[in-house]
Amino acid sequence: TGLDAWDVNVQFNFNGDNKRAWAQWSSELEGDNSYVSPDSQNNDSPVPRRLKLTKSEHIKPLPVEWLIQDYVEKGATVIIFGESQAFKTFLVMGMALSLSTGRDWAGKAVKRMPVAYICGEGERGIGKRIAGWQLKHGVDPSVPELYVSNMPVSLVSVESQRELIEALIEDIVEGQFGVLVLDTIARNFGGDVNLAKDVNALFAYIDQSIRAELPDITIILVGHPGLKEKKRILGAYQWVGNSDAQSRVERVDGELKTQYIPVKMKDADVPPGIVFYGEVVEFDSELGEPMSTLVLNHTEEDVSQPSGSDSASKKLKGHQRTLYDLSTKEWKPRKVLRDDFTDAVQKMEAADPGKCDISPVPSMHRAFGRALTSLMESGHLCDIKDENGKSLKVRRVGVIEQVFSETDILCDTNVT
């Protein structure tokens, strides 16, 4: 743990021999863009300059390239999380099988490509899920380009990191590769999900080692929600900040029904949620033993509103209630500025004179600050802080605990 990108490369490619790593880099050097490492000056070993700067006029906007239209982007790091028994593995396996066959997923177009599935429970539990999906969709077992591991990996172990990349390159037919699924983070990480340095080391390995060998690889990490905050991934904030997309899987109590709810997309709009119903598929094994599994089928239903949502703000009144209601209008997180708050109060006063406390604008700005502080102290709103303790955003608690990017500030707390 705690390795930076260069350390990961040295450990993986050169078995920890730093000087040999410098020498190898220098042998591949082309042109004059080089510098000399202090550790290699005695050997006069030039090192390639990896950092390059490109003039903005040569940087062209590129359209998003989708593997699953609107939901999974090529080359992205995606996190899908949900509680145990939320059917998240059934959902992710269906996604992997759709990608490996080119079959539509939840009615969305799919680009076919090989998929490697690193499963924590090994091949036995996954086998019948694959067989059930193939039977349900009439797919011959030879069609999916899906490769399943026989064991989990420890992504903080240098040896396991090396083995994973070797397996991806050597075991996939003709080296063609597109998607890596790690199910689950808990079984394949090996580090502390709550430690920023461990999480950052994992993403450094993904970016600097895996993508050095397989540049366009899409990586799907399957995880669990927080112990208290069920609407976000378990662990350090770096899981949110370092990922390109995140989605939550939420089962509807007492039913074979689950909801896939996207909560973050880095380079595109967050798509709507999808409702799936589970269908039991029965079949016989090769030995004639009866077996059954679950296959998820998508529906056209809208994602249901979280239970208990009305009670969260039932006791709020006045400015607190106004700001709380503004924070997630129509159940979608939105940016709320002080002027929005002032406008809302003034409209309420116009509709029902005497109901609201109308004050001059500077006083309304202070009222905004007081309402925000009160809501945070009462637990109705909470903020997310970076590693330095700086508040990045404020979000609604108990109803929509949405994962935001750094630019999505729910409430502007600057009061002047």
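The largest nonpolar core of this predicted model has 44 residues, a nonpolar core being a set of buried Ala, Val, Leu, Ile, Met, Phe, Trp, Tyr and Cys residues joined through side-chain atoms within 4.5 Å. Met 95, Trp 105, Tyr 117 and Tyr 260 have the most contacts inside this core. Helix H3 gives the most to the core, with 7 residues. A second, separate core comprises 31 residues, including Ile 165, Phe 189, Ile 210 and Trp 239. In soluble globular proteins, nonpolar side chains tend to be buried together. Buried denotes under 20% relative accessible area, exposed over 50%, and partly exposed the range in between (1.4 Å probe, protein chains only).

The structure is a predicted model, in which local features need pLDDT of at least 70 and side-chain atom pairs count only at pLDDT 80 or more, while totals for chains, interfaces and linings use all residues. Residues are numbered from 1 along each chain as its sequence is written, and side-chain values use heavy atoms, with hydrogens and water left out.

The protein contains 11 helices and 15 strands; helices (H or I, at least four residues) and strands (E, at least two) are DSSP runs numbered from the N terminus. Of its 416 residues, 46% are buried. Contact is defined as heavy atoms within 4.5 Å. Among contacts between residues at least 6 apart in sequence, 60% join residues at least 24 apart.

An open sheet is formed by 9 strands in the order E7-E6-E8-E9-E5-E10-E11-E12-E13, with mixed pairing. Two strands pair if DSSP finds at least two bridges between them. Strands E7 (146–148) and E13 (290–298) lie at the edges with a single partner strand each, so one side of each is left without a neighbour in the sheet. On average, neighbouring strands of this sheet are turned by 20° against each other, direction ignored. Axes are lines fitted to C-alpha atoms, for helices over the stretch in contact, and angles run from 0 to 180 degrees between N-to-C directions.

Helix H3 packs on the sheet and touches E5, E6 (115–119), E7, E8, E9, E10, E11, E12 and E13. The direction of H3 makes about 160° with that of E6. Helix H7 (residues 196–213) also packs on the sheet, where it touches E5, E8 and E9, and its direction makes about 150° with that of E9. The 14 residues of H3 (residues 88–101) should span 20 Å at 1.5 Å a residue, which agrees with the 20 Å between its end C-alpha atoms; the expected span is 1.5 Å times one less than the number of residues. Of the 14 residues in H3, 13 are buried. Gly 102, which follows H3, has a positive phi near 85°.

Strand E9 (residues 218–223) has 6 of its 6 residues buried, so E9 is largely enclosed by the rest of the structure. Thr 218, Ile 220 and Val 222 point one way from E9, Ile 219, Leu 221 and Gly 223 the other way, and all are buried. E9 pairs in the parallel sense with E8 (residues 179–183) over 5 bridges, and Leu 180 has Ile 219 as its bridge partner. E5 and E9 likewise pair in the parallel sense over 5 bridges, with Thr 77 opposite Ile 219.

Strand E5 (residues 77–82) is also joined to E10 by 5 bridges, in parallel. Across this pairing, Phe 81 stands opposite Arg 248 and Gly 82 opposite Val 249. In E10 (residues 245–251), 6 of the 7 residues are buried, so this strand is largely enclosed by the rest of the structure. E10 and E11 (residues 257–265) pair in the antiparallel sense over 7 bridges, and Ile 261 in E11 is the bridge partner of Arg 248. Leaving aside neighbours within four places in sequence, the contacts of Tyr 260 include Leu 91, Met 95, Trp 105, Arg 248 and Val 249.

Val 281 is found in strand E12 (residues 274–284) and counts as buried at 8% relative accessibility. Val 281 and Leu 135 are 146 residues apart in sequence, with a C-alpha to C-alpha distance of 8.1 Å. Not counting residues up to four places away in sequence, Val 281 touches Gly 132, Leu 135, Lys 136, Met 291, Ser 292, Thr 293 and Val 295.
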